[in-house]
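Please look through the sequence and the model below before reading on.

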Amino acid sequence: MKDKQMSSFFAEQVTDGEKVGRVCSGTHGIYRLTTVSSEMLEARLPGSFYYEAKETRNFPAVGDWIVYEPLEQKGKAIIRRILNRKSILSRKKAGNTTEEQIMAANVDIVFVVTALTKEFNLRRLERYIQQVYESGARPVIVCTKSDLCDDVEAKCLLIESIAPGVSVYAINNLTGEGVSDLREEISEGETVSLIGSSGVGKSTLINRLLQTSIQETKQVREKDDRGRHTTTHRELFPLPDGGYVIDTPGMRELQLWGDADSVNETFSEIESLKEQCKFRDCQHDQEPGCAVQKAIKDGEIDEARLKNYNKLKRELVRLEWKEKYGQHKTNRMLHGPNKKKMS
Ligand SMILES: Nc1nc2c(ncn2[C@@H]2O[C@H](COP(=O)(O)OP(=O)(O)OP(=O)(O)O)[C@@H](O)[C@H]2O)c(=O)[nH]1
Ligand SMILES: [Mg+2]
Ligand SMILES: [Zn+2]
């Protein structure tokens, strides 16, 4: 059985007679699945799975399409296999580890959500966009709480300047202003995931998109709510007019996971400028004939943006090395062979 919301990419991986579902949530080994007939099932993995699965990536994630077998007990099922994924949104687990944490699978679009309040931070937005590009999804920037800001236009222009080619929307979740335009970014069968700090209004926006109040939102005026998360786990919901949306808890720590080359997409204007630098391995620091430094002097690029660019590159190179050679050798990279990758 196939879901009309399931793209051919997934349909082709299924043979007739197999039952397909999609993972809505997964906690403590219990997965909630939505099926073709919009039935909700509670599924588990077979015991053997836990011996065979080596990495986090082998386990089902929210957004995965899976093949299941119904159990005799009504509403229960066993997960047989995970269909190949189209994309994967992941980050490094918090703390001193190189372990990966998967946030969602098969995401087409990521709404990077920021509030037009004190929350607003261009450097953080850059990092979020970076992370989205790494996943293979398309970023869209959503500025919430437009009702609490007197220079919405100016803020949006600022964002456009740091995110070339990315659409920016300003919305008011309380009245719904701007939400229908945003809705048009999601086509039939597409999956959108939301990322952003706690309290920016991700769940409130999801309720708007679902036209219900399914997701719990913070009821109090935010003042002292820093670090308190209303949403505590990831969850996928089918949208009323087609498509899916995934709510996530606000992120406290954003760590990158991926390869250094994808920084280039986020910072495309720096990348294209550096072609004009006099030296091929220019670090855009004190080198003569540096086109990037010139653009900073001319006020075309913000110095903070170059700093963030360099920092992201260093961080990704460090992660790559840590993953390859383990903890004890990481200091070698500081003066080592990766230098050509940094240019
Ligand atoms: N004034 C105003 N308040 C908003 C808007 N959007 C959301 N809020 C309020 O902001 C608070 C936090 O919203 P949530 O939707 O719970 O935030 P969240 O991003 O889901 O937070 P976590 O689940 O903790 O990650 C709630 O009190 C909302 O009513 C908006 O556009 N304008
Ligand atoms: Mg929430
Ligand atoms: Zn340079």
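**A helix and its surroundings**

What covers the buried residues of helix α6 includes β8 (109-115), β9 (138-144), α5 (179-183), β11 (191-195) and β13 (244-247). Helices (H or I, at least four residues) and strands (E, at least two) are DSSP runs numbered from the N terminus, and a residue counts as buried if 20 or more other C-beta atoms, placed from the backbone, lie within 10 Å of its own. This is a predicted model, in which local features need pLDDT of at least 70 and side-chain atom pairs count only at pLDDT 80 or more, while totals for chains, interfaces and linings use all residues. Residues are numbered from 1 along each chain as its sequence is written, and chains are lettered from A and ligands numbered from 1 in the order in which they are written. Because 7 of the 9 residues of α6 (residues 202-210) are buried, this helix is largely enclosed by the rest of the structure.

In the sheet, 6 strands follow the order β10-β9-β8-β11-β13-β12, with mixed pairing, and the sheet is open; two strands pair if DSSP finds at least two bridges between them. β10 (168-170) and β12 (235-238) stand at the edges with a single partner strand each, so one side of each has no neighbour in the sheet.

Key
Buried ≥ 20, exposed ≤ 12 C-beta atoms within 10 Å, placed from the backbone. Contact = placed C-beta atoms within 7 Å.
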